[in-house]
Amino acid sequence: MQSAEPPYGLTPALTAMWWDGKGDWDAAHDIAQEITGSTGSYIHAYLHRKEGDPGNAAYWYARAGRKIPKSSLDEEWNDIVMELLRS
């Protein structure tokens, strides 16, 4: 059974990625917009890359201090989540 709500206690960043993983880009984006600093910018960049808005994504990758990845979106999602879980 898949949960309709994210697990209790997730950070906002992991919650945003959880919603994206569930296919709710809008919920993920709403949360990402509220996350300050490079983490929020990185998630925001990924979401705009996924949306197909390369100009906006490039802006947010630059704000996050990162280069636009050459990996697939699925690989980047995994990379972001693993990075968040390690921090």
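This is a predicted model: local features need pLDDT of at least 70, side-chain atom pairs count only at pLDDT 80 or more; totals for chains, interfaces and linings use all residues.

Entry 1. I started with His29, which sits in helix H2. Is His29 buried or exposed? Its relative accessibility comes out at 11%, and the cut-off for buried is under 20%, so His29 counts as buried. Next I looked up what His29 touches: skipping neighbours within four places in sequence, I get His44, Leu47 and His48.

Entry 2. On to the largest nonpolar core, which has 23 residues. Which of them touch the most other members? My list reads Met17, Ile43, Tyr46, Leu47, Tyr61, Ile80 and Leu84. H1 gives the most, with six.

Entry 3. I picked Leu84 from that list. Leaving out residues up to four places away in sequence, Leu84 touches Ala13, Leu14, Met17, Thr39 and Ile43.

Entry 4. Last, the helix pair H3 (residues 37-51) and H5 (residues 73-86). They pack at an angle of about 165°, and their axes are 11 Å apart. Anything over 145 counts as roughly antiparallel, so that is what I call H3 relative to H5. I noted the crossing as left-handed. From H3, the contact uses Thr39, Tyr42, Ile43, Tyr46, Arg49 and Lys50; from H5, Leu73, Glu76, Trp77, Ile80, Glu83 and Leu84. Sorting the residues of this contact, I get seven nonpolar, one polar and four charged.

Methods:
Residues are numbered from 1 along each chain as its sequence is written. Side-chain values use heavy atoms; hydrogens and water are left out. Axes are lines fitted to C-alpha atoms, for helices over the stretch in contact, and angles run from 0 to 180 degrees between N-to-C directions. Helices (H or I, at least four residues) and strands (E, at least two) are DSSP runs, numbered from the N terminus. Angles under 35 degrees count as roughly parallel, over 145 as roughly antiparallel, 65 to 115 as roughly perpendicular and the rest as oblique. A crossing is left-handed if the near helix is turned anticlockwise from the far one by less than a right angle, and right-handed if clockwise. Contact means heavy atoms within 4.5 Å. Ala, Val, Leu, Ile, Met, Phe, Trp, Tyr, Cys and Pro count as nonpolar, Asp, Glu, Lys and Arg as charged, and the others, Gly among them, as polar. A nonpolar core is a set of buried Ala, Val, Leu, Ile, Met, Phe, Trp, Tyr and Cys residues joined through side-chain atoms within 4.5 Å. Buried means under 20% relative accessible area, exposed over 50%, partly exposed in between (1.4 Å probe, protein chains only).
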